[in-house]
Amino acid sequence: MTKTVRQSAVGRLKSRPQFLFVREGEKRRGPLFLLEVRDRQVPDEQPRVGFTVTKKHGNAVERNRMRRRLKEAVRLSAGFAMEPGHDYVVVARRDVLHAPFKTLVAGLKERIATRHKQKQQQRPAAPGKE
């Protein structure tokens, strides 16, 4: 009989340098949170996620509740949409506290699936304006 070992779908960001590394990446804004994404260039490794809730969003009880709601949303469904080899940081906004859980999960899935828009090529200078 073979034993199947289920690995967690998503790893965790734990240290400040890891969070700062992701901050330099792409930002996907939404009404409930900001999602920062950065490719680590290692497609064989699992994605990692970190959560940030600043002190301006309430006392410790409220901040912990926001963080727990976000963690559960990632664990239940959004984590499976994350790309291998990428790091994600979810920066909560105050509305996370009172938003319906289904809305929170849908927002996370949408932000994770959204691809960064390619920068438009520079247009050539107008004639006579060189």
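Trainee: Why does Gln 41 count as exposed?

Mentor: Its relative accessibility is 61%. Exposed means over 50% relative accessible area, buried means under 20%, and partly exposed lies in between (1.4 Å probe, protein chains only). The value 61% is over 50%, so Gln 41 is exposed.

Trainee: What kind of model is this, and how are its residues numbered?

Mentor: It is a predicted model: local features need pLDDT of at least 70, side-chain atom pairs count only at pLDDT 80 or more, and totals for chains, interfaces and linings use all residues. Residues are numbered from 1 along each chain as its sequence is written, and side-chain values use heavy atoms, with hydrogens and water left out.

Trainee: Where is Gln 41, and what is its phi?

Mentor: Gln 41 sits in the loop between β3 and β4. Its phi is positive, about 65 degrees, although Gln 41 is not a glycine. Most residues other than glycine have a negative phi.

Trainee: What makes a stretch a helix or a strand?

Mentor: Both are DSSP runs, numbered from the N terminus: helices are H or I with at least four residues, strands are E with at least two. This chain has three helices and five strands. Along the sequence they follow β-α-β-β-β-α-β-α.

Trainee: Is Arg 40 buried or exposed?

Mentor: Buried. Its relative accessible area is 14%, and the limit is under 20%, so Arg 40 qualifies. Arg 40 also lies in the loop between β3 and β4 (48-52).

Trainee: What makes the pair Arg 40 and Asp 87 a polar contact?

Mentor: A polar contact is a pair of N or O atoms within 3.5 Å; within protein, one must be able to donate a hydrogen and the other to accept it, and residues adjacent in sequence count only if both atoms are side-chain atoms. The side chains of Arg 40 and Asp 87 come to 2.8 Å. That is within 3.5 Å, so the distance test is passed. The side chains of Glu 26 and Arg 28 make another polar contact, at 2.7 Å.

Trainee: Why is Glu 26 called buried?

Mentor: Its relative accessibility is 19%. That is under 20%, so Glu 26 counts as buried. Glu 26 lies in strand β2.

Trainee: How do you know that Arg 38 lies over the face of Phe 21?

Mentor: A charge sits over a ring if NZ of Lys or CZ of Arg is within 6 Å of the ring centre and within 35 degrees of the ring normal. Arg 38 is 3.8 Å from the ring centre of Phe 21.

Trainee: How do you know that the span of α2 agrees with its length?

Mentor: The expected span is 1.5 Å times one less than the number of residues. For the 17 residues of α2 that gives 24 Å, and the end C-alpha atoms are 24 Å apart, so the two agree.

Trainee: Which residues of α2 are buried, and why are they said to share a side?

Mentor: They are Arg 63, Met 66, Arg 69, Leu 70, Ala 73 and Val 74. They cover an arc of only 130 degrees around the axis, which puts them on the same side of α2. The arc is that of the directions from the helix axis to the C-beta atoms. Val 61, Arg 68 and Arg 75 are exposed on the face turned away from that buried side.

Trainee: What makes Leu 70 buried, and what does it contact?

Mentor: Its relative accessible area is 0%, which is under 20%, so Leu 70 is buried. Contact means heavy atoms within 4.5 Å. Leaving aside neighbours within four places in sequence, the contacts of Leu 70 include Phe 33, Ala 92, Leu 104 and Leu 108.

Trainee: Why is Ala 92 called buried?

Mentor: Its relative accessible area is 3%, under the 20% limit, so the label holds. Ala 92 is in strand β5.

Trainee: Which residues of α3 are buried, and what covers them?

Mentor: Leu 104, Val 105, Gly 107, Leu 108, Arg 111 and Ile 112. They cover an arc of only 160 degrees around the axis, which puts them on the same side of α3. Their cover includes β2, β3, α2 and β5. Lys 102 and Ala 113 are exposed on the other side.
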